[in-house]
Amino acid sequence: MLGIEKRDLSLLVIVAILAFCAPFILNPFPTGSAMAQFNAGYPDLMQRFVIFGILAIGFNILFGLTGYLSFGHAAFLGLGSYSAVWMFKLLGYNVLPGIVLSVVVAGLFALLIGYISLRRSGIYFSILTLAFAQMTFAIAYSDLFGKMLGFSLTNGETGLQVYTSDPQYFHSDSAPNIPHLFGQEMQSTFTWDVAGWSFDFNFGYYMCALIMLVMFYLSIRIFRSPFGLMLMAIKTNQTRLNYTGLNSRPYTLAAFVISGMYAGLAGGLLASMDPLAGAERMQWTASGEVVLMTILGGAGTLIGPILGAGFIKYFENIFSKINEKVLHSWFDFLPESLEYGVVWVLEHFVGSGWHLTLGLLFMLIVIFLPGGLVEGGQKLAALFHRKKTEDTPADGAKTPAE
Amino acid sequence: MGILEIKNVGKRFGGLQALNDVNLSVTENTVHAIIGPNGAGKSTLLNCLVGKLIPDTGSVTFQGQSLLGRKPHEINQMGVSRVFQTPEIFADLTVMENIMIPCFAHRDGSFKLNALSAVRGQGDIKDQAEKILEDVNMLEKRNMHAASMSRGDKRRLEMAMCLVQEPKLLLLDEPTAGMARADTNNTIDLLKEIKEKRDITMAIIEHDMHVVFSMAERITVLAQGTPLVEDTPDNIKGHPKVREAYLGEAQV
């Protein structure tokens, strides 16, 4: 069905179920309870889960398949956001033109940056992409081209936003004054309160989730295509590929452009959820984050990047919310001196110090699970499988080890 | 006029004249061996044929067309395949995928953006790949990871990857290097079988005289970047110049 294998189809279905039931899955605790701070089912965060999921899926097409590690993908994210906001300023708040333009602009820039950077491979390629991304960041931050042209193109450090004085040629008075899709507002949320629980169903989230599913499906098709096979071949042995009559350059360039377009789409969606575009979105730390997401989830696997994106965004939001007061309320059962000691240690790992926790988690995963969360899942599955066969030796004898 | 013509080829690395005025003609449908002591310039010559190195002087033509300045993938698309000294395969992929890649390259050319068609939907490619795997007796290993195979099997796989493209000229760079005698004999048999089944020209660079004399129809001896003699195997055996090149100061 859908032109993909049964195994991939079931993966797609699992992701679809997770995405559509996210408001329930992410809000497992009643609103009033002490555990409510671990709930992540609010619209803003859910939107970011799927948008960064798209970014990581696209990054994985380049890094996971060809092994080319781009350190400049945030540039495409930022370019996508700027393009979308410009469409809001010029045409109106309907998100469709903005999203289309963000993909096109990111694709064109990826073509240029990729054409130059892909002359080198390995660490030199990474450095070239990093240099390009930092240049784009600097240009956006100082609004260099805007100053040359005499108007504000990126609006420098303030960031690009929509003002009432903007033309918005296609804006009609009946249309909402915030981003919308043919009148349906991105922010519109239906809240369902039931027995202490509260679930948010946000239109913007569901639109992004649907786009993410389409993008995920597309990435499955790419992984299973002859084109995808060539990309994997580039990763394992480029010499053999060249001596097999295949030109690796157009393949890597195509992969780079595709993944750049995914990043542009993510940027456009970010701006559609919140019509702002700032240069900090292009910072090298943002580029590093998507690398972390992909490796953490499992580079080269289909579902890994989505897991990684969810994992990092969840911890970023939840851990950074925990503060000293919350810690004290957790450990007040301890004797006072001990309580203060424990809180003193832990407070460095939460709140603004959550990066420490992320660093530790990343180290643990890279050392013990080089294949990322996906490898962890596989190991767990194998463990359960082995236990089961040990319990029933007759069954184990019949089915030899795979 | 041979299928491969090498004329006045010279190559210099800094102060070392690796190749000096090499002239060589490989006749179509023959097995031509190039032998010579270490540092004679055998590998440099091979690299000049496949586009890895560009000779400083001279010309290399394949079927009347110049190979100079062409990229490795272009030369391969013209019908020249190369087997490496250490097998170059796609180690992370399965045997079947390893074979399918050259099949695609043969059918679709050096680049095709077919990102939405499925690999498993390509019946013709699969049939082709399975046929060649049967030819080299590896069909039952098709789902194995290439990295986990023995060296002999890797060599066999690499050979199959080259053959499936139906090359007109197969270049072999020490195909039996580091192999045990039994494996070497297997490789010789495999190469002979390949030669019998199709119209193919082979150029072999080899150290092992056993391989050379059991296969080659024509032998060129290279020493210090220059061809010393070119003759039939029978005449090469015991040729004074050859002995001199191999043993240094020959006191025959």
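These are my notes on two interfaces in a predicted model: chain A against chain B, and domain 1 against domain 2 within chain B.

**Ground rules**

I number residues from 1 along each chain as its sequence is written, and chains are lettered from A and ligands numbered from 1 in the order in which they are written. The model is predicted, so to speak of local features I need pLDDT of at least 70, and side-chain atom pairs count only at pLDDT 80 or more, while totals for chains, interfaces and linings use all residues; side-chain values use heavy atoms, with hydrogens and water left out.

**Entry 1: chain A against chain B**

I started with contacts (heavy atoms within 4.5 Å). Chain A puts in 26 residues and chain B 38 residues.

Next I looked up buried area, the accessible area (1.4 Å probe) that two parts lose on being put together, summed over both. The two chains bury about 2,700 Å² between them, with 67% of it on carbon and sulfur atoms. On the chain A side, A:Leu229, A:Arg240 and A:Tyr243 lose the most area, together 28% of what that side buries.

A:Arg240 turned up again in my salt bridge search (a side-chain nitrogen of Lys or Arg within 4 Å of a carboxyl oxygen of Asp or Glu). Its side chain meets that of B:Glu158 at 2.7 Å, N to O, and the rule finds 1 salt bridge across this interface.

Helices H8 (203–223), H9 (226–236), H10 (238–242) and H11 (248–273) of chain A each give two or more residues to the side touching chain B. H9(A) gives the most, with 7 residues.

**Entry 2: the two domains of chain B**

The bounds here come from an automatic or database domain assignment. Domain 1 of chain B is 1–79 + 167–252, and domain 2 is 91–165. I noted 27 Å between their C-alpha centres. In their contact I get 20 residues from domain 1 and 13 residues from domain 2.

Between them they bury about 1,300 Å², of which carbon and sulfur atoms give 57%. B:Gln77, B:Pro167 and B:Leu190 supply 33% of the area that domain 1 buries against domain 2, more than any other three residues.

Which side chains meet in a salt bridge at 3.7 Å, N to O? I found B:Asp135 and B:Arg198. For the interface of the two domains, the rule finds 1 salt bridge.

On the domain 1 side, helix H2 (72–77), strand E7 (169–173) and helix H6 (181–197) of chain B each supply at least two residues.

Definitions and conventions
Helix = DSSP H or I, 4+ residues; strand = E, 2+ residues; numbered from the N terminus.
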